[in-house]
Amino acid sequence: MTENAKLVLLRHGKTQFNKDKIFCGWTDIELGGEGEKEAREAGKKLLENGYSFDLAYTSYLRRAIKTTWAVLEEMNLMWLPVFKHWRLNERHYGALQGIRHEEMAAKAGQEQVQKWRRSFDVRPPALEKNDPRYPGNEAKYFALKKSELPACESLEDTIKRVLPYWKKEIAPTIRKGRRVLISAHGNSLRALVKHLDGIPDDEIPKLEIPTGRPLVYELGPKLRPVKHYYLE
């Protein structure tokens, strides 16, 4: 890698769960019309600014997958390889998944909900393994070890899940000079941003990554960020 590499991070387009303030996590909801529009606008913006890619990474969740497809279609790059991995999934919100923030605030108090949402190491209530929402009951996760299947996750857990895939798969690909798009989720991308920028544990929960806005990292030697910015 003789010059700065450009890595593009993109949070999936806005979903109905985002709009209605519902805990989503690994719930595999649709992207929806507004989210697809955001994704297509991101693709157009990347194309207009002269960006291209050699491959893309995304999660196992359709809102991120369809965001990736929409971006690549707008860029006339539908032929590119897209690698999907569960380690890029959103943070698993356990038994909170599918429940509105305000409903949980009425039951547990706003302060507790805020801890579940924004603390670094506080986990939400865990799912029982016989719960239909437990990932071990979904075909897409049948190949995972039991130890890899979360019943809930803190942000700290999410970071520990995401970084092995970054270090083993994505970082070596960037070092080879490949142009990479990562289309994922608020918390899985927060994990990568924390790692890249060295953000302290108590600061990273405050970071908000907006939906559908390409975040560009220019990476120097050893993949250390030289600068980062959103495409306007």
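# Questions on a predicted protein model

Student: How many helices and strands does the protein chain have?
Tutor: This is a predicted model. Its elements are read from the N terminus on, and they run β-α-α-β-α-β-α-α-α-β-α-β-β. The protein chain has six strands, and its helices number seven.

Student: Why is the protein chain said to be as compact as a globular protein of that length?
Tutor: The globule rule gives 17 Å for 232 residues. The protein chain comes close to that, so it is as compact as a globular protein of that length. Its C-alpha atoms fill a box of roughly 55 × 35 × 35 Å along the principal axes. The radius of gyration is 17 Å.

Student: Which percentage of the residues is buried?
Tutor: A residue is buried when its relative accessible area is under 20%. The protein chain has 232 residues, and the buried share is 51%.

Student: What share of the contacts with a separation of 6 or more joins residues 24 or more positions apart?
Tutor: Contact means heavy atoms within 4.5 Å. Take the contacts in the protein chain with a separation of 6 or more. Residues 24 or more positions apart account for 76%.

Student: How far apart are the mean positions of the positive and negative charges?
Tutor: The protein chain has 41 positive charges and 32 negative ones.

Student: Is Lys-21 buried or exposed?
Tutor: Lys-21 sits in the loop between helix 1 (16-20) and helix 2 (32-48). Its phi is positive, about 55°, although Lys-21 is not a glycine. The cut-off for exposed is over 50%. Lys-21 has a relative accessible area of 56%, so it is exposed.

Student: Where does Lys-222 lie?
Tutor: Lys-222 also has a positive phi, about 60°, and is not a glycine. With a relative accessible area of 66%, Lys-222 is exposed. Its place is the loop between strand 5 (215-219) and strand 6 (225-230).

Student: Is the aromatic pair of Trp-26 and Tyr-141 stacked, edge-to-face or tilted?
Tutor: The count of aromatic pairs comes to six. In the pair of Trp-26 and Tyr-141, the centres are 4.9 Å apart and the planes are at 35°. Stacked needs planes under 30 degrees apart, and edge-to-face needs over 60. The pair is therefore tilted.

Student: How many residues apart are Trp-26 and Tyr-141?
Tutor: Trp-26 is in the loop between helix 1 and helix 2. Tyr-141 is in the loop between helix 5 (110-118) and helix 6 (155-175). The pair links distant parts of the chain, and the separation is 115 residues.

Student: Which residues form one aromatic cluster?
Tutor: Trp-26 is buried, at 2% relative accessibility. Tyr-141 is buried too, at 1%. Both belong to one aromatic cluster, formed by Trp-26, Tyr-60, Trp-86 and Tyr-141.

Student: Which residues is Thr-15 in contact with, leaving aside neighbours within four places in sequence?
Tutor: Thr-15 is in the loop between strand 1 (5-11) and helix 1. Its relative accessible area is 2%, so Thr-15 is buried. With those neighbours left aside, the contacts of Thr-15 are Ile-29, Glu-30, Leu-31 and Arg-63.

Student: Which residues does Gly-35 touch, not counting residues up to four places away in sequence?
Tutor: Gly-35 is in helix 2. At 0% relative accessibility, it counts as buried. With residues up to four places away not counted, Gly-35 touches Gly-13 and Lys-14.

Terms used:
Residues numbered from 1 in each chain as written. Predicted model: local features only at pLDDT ≥ 70, side-chain atom pairs only at ≥ 80, totals over all residues. Heavy atoms only, no water. Helix = DSSP H or I, 4+ residues; strand = E, 2+ residues; numbered from the N terminus. Rg over C-alpha atoms; globule rule 2.2 N^0.38 Å. Buried < 20%, exposed > 50% of the residue type's maximum accessible area, 1.4 Å probe, protein only. Lys, Arg positive; Asp, Glu negative; His and termini not counted. Charge placed at Lys NZ, Arg CZ, Asp CG, Glu CD. Phe/Tyr/Trp six-rings, centres within 6.5 Å; stacked < 30°, edge-to-face > 60°.
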